[in-house]
Amino acid sequence: MELWEYTALELGGLIQRGEVSPTQAARAVLDRREEAQEGTNAFITCLDGEAVLAQAAEVEHRLAAGEKLSPLAGVPMALKDNICTKGVPTTCASKILGDFTPPYDATAAEKLKTAGGVLLGKLNMDEFAMGSTSETSYYGPTRNPWDPGRAPGGSSGGAAAAVAAGACWYAIGSDTGGSIRQPAAYCGVTGMKPTYGSVSRYGLIAYASSLDQLGPVARSAADCAAVLDLMAGRDRRDGTSLDLPWGSLAEGLTGDLRGLRVGLPAECFGEGLDEAVRAAVLSAADVLKARGAVVEAFSFPMMNYVVPTYYIIAAAEASSNLSRFDGVKYGWRAEGYEDLTGLYELTRTQGFGAEVKRRILLGTFVLSAGYYDAYYKKALQVKALIKRAYDEAFEKYDLLLTPVAPATAPRLGESLGDPLKMYLSDIFTVPVNLAGLPGLSMPCGFDGQGLPIGAQLIGPALGDAKVLDAAYGFQLDTDHHRQHPAGKEAQAQ
């Protein structure tokens, strides 16, 4: 078994026991990273080998000195390229931030560094996190390691592709409407969006501030729990971060699901759902039943309103957040302008890609004087109703189980030609962000073409431990999360 095939916690255990050193782990993954990068374009910035080995050597020295570090100390990881990193470019996959190098670390990056994380680089994504396929990047599309002709999902497609290809043991992505969970499903890895406010957003370049949340992408639910243990908690620099006694999510995993009540929203299993996806997710429900959970279907009619509500709110917030990119304060600046208005127009016209412009225009429209009440205010009212519907569902159920996406990974180019189809691919994930809930995607099978399928577990606000424990129990009895693209290639040969 190669080192890259271990989970992050398994590798961390080898390092803690002295069976593998951090520098050995770093050397092992550097070649793997280069190979994976050729096939997937998962990274925008790859730190050079010397920089990676220097970080690993520092962690090795800290461990040798008896410093008590985290269970993931010395484990190489990567960050989505909208998370600020001191001295390392942070581009948001956009031309307009192509030359931006932050003078500070995001809180999440800072905490991982303190805990002994070894940064391999910054990961490709949809430009400013706007997209569901990781094809809108200025640096070229990311490709799915299971089939290079298909998209890895988005916007954290680079994170999912890198973990699936063995180019890092875990990655940190951001999730605004499914941007961690959907690519995790398409790439056959585990990804979690925690409760809104559980992880500081300081240093995360904003798309939609009321919906954005940082979270882990890894091979297993146990890995996700361990990473969240390192990142979660109150941050005085983020007023929305929660000050709660989180405890240790990883140490609390039992896999005992006896008496757990799991609801299946009927509207998530109806028309438009691929048959292979339906079968795989219902099979996951059977595994939960076998571990003692009580599973039953129920009606959740608010699903019919989630996509328009999400895209109105997200676009409105994006329109406001991206107004800071004007060619004056930082980032790329166009040439050939005659006045300040011309500078703004040329910089934004040439610096933003088509999907970002589309969402800025939509957001500006719904916030305009004549349409604010008809669209944005109405969307906020529906958002409150969606949150209330989830509260009612969780009075009866501990968790909900749904598909992550209606189908498996689309071919490259399919979604870009039909933006509405791309938006509808988020139908099962966006309500979780609207309600601020924890949601996790876990591999639960494969379709007839050998492409991964993901099942989504949703919990009540602050129910992160329940979500992780249910996924952990599921993964104790299945090996879908142990499968990887290289294994598929070996079987084909």
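This is a predicted model: local features need pLDDT of at least 70, side-chain atom pairs count only at pLDDT 80 or more; totals for chains, interfaces and linings use all residues.
## Strand pairing in the sheet

Val262 has Leu399 of strand β9 as its bridge partner. Strand β7, residues 261-265, runs parallel to β9, and two bridges join them.

Both strands belong to an open sheet of 11 strands with mixed pairing, ordered β1-β3-β2-β4-β6-β5-β10-β11-β9-β7-β8. At its edges lie β1 (43-46) and β8, each of which pairs on one side only. On average, neighbouring strands of the sheet are turned by 30 degrees against each other, direction ignored. Helix α5, residues 157-164, packs on this sheet and touches β1, β3 (118-123), β4 (170-175) and β6 (213-218). The direction of α5 makes about 20 degrees with that of β6.

## Helix α12

Helix α12 comprises 25 residues (372-396), which should span 36 Å at 1.5 Å a residue; the end C-alpha atoms are 36 Å apart, in agreement with that expectation.

The buried residues of α12 are Tyr376, Ala379, Val382, Lys383, Ile386, Ala389, Tyr390, Ala393 and Phe394. An α-helix has 3.6 residues a turn, so residues three or four places apart point the same way. The buried residues of α12 pack against strands β8 (294-298), β9 (399-403) and β11 (452-458). They also pack against helices α9 (306-321), α11 (354-367) and α14 (430-435).

## Salt bridges

The whole structure holds 21 salt bridges. Side chains of opposite charge can pair when their charged atoms come close. Asp235 is buried, at 6% relative accessible area, whereas Arg237 is partly exposed, at 32%. These two residues and Glu110 are linked in a network of salt bridges.

Within helix α8 (residues 275-290), Arg278 and Glu275 lie three residues apart, about one turn of the helix. They form a salt bridge whose closest N and O atoms are 2.6 Å apart. Arg278 counts as buried because its relative accessibility is 16%, under the 20% cut-off. Glu275 counts as exposed because its relative accessibility is 53%, over the 50% cut-off.

A further salt bridge, between the side chains of Arg291 and Asp477, has an N to O distance of 2.9 Å. This pair links distant parts of the chain, 186 residues apart: Arg291 lies in the loop between α8 and β8, and Asp477 in the loop between α15 (464-476) and α16 (485-492). Asp477 counts as partly exposed, with 45% relative accessibility.

Notes. Residues are numbered from 1 along each chain as its sequence is written. Side-chain values use heavy atoms; hydrogens and water are left out. Helices (H or I, at least four residues) and strands (E, at least two) are DSSP runs, numbered from the N terminus. The expected span of a helix is 1.5 Å times one less than its number of residues. Buried means under 20% relative accessible area, exposed over 50%, partly exposed in between (1.4 Å probe, protein chains only). Contact means heavy atoms within 4.5 Å. Two strands pair if DSSP finds at least two bridges between them. Axes are lines fitted to C-alpha atoms, for helices over the stretch in contact, and angles run from 0 to 180 degrees between N-to-C directions. A salt bridge is a side-chain nitrogen of Lys or Arg within 4 Å of a carboxyl oxygen of Asp or Glu.
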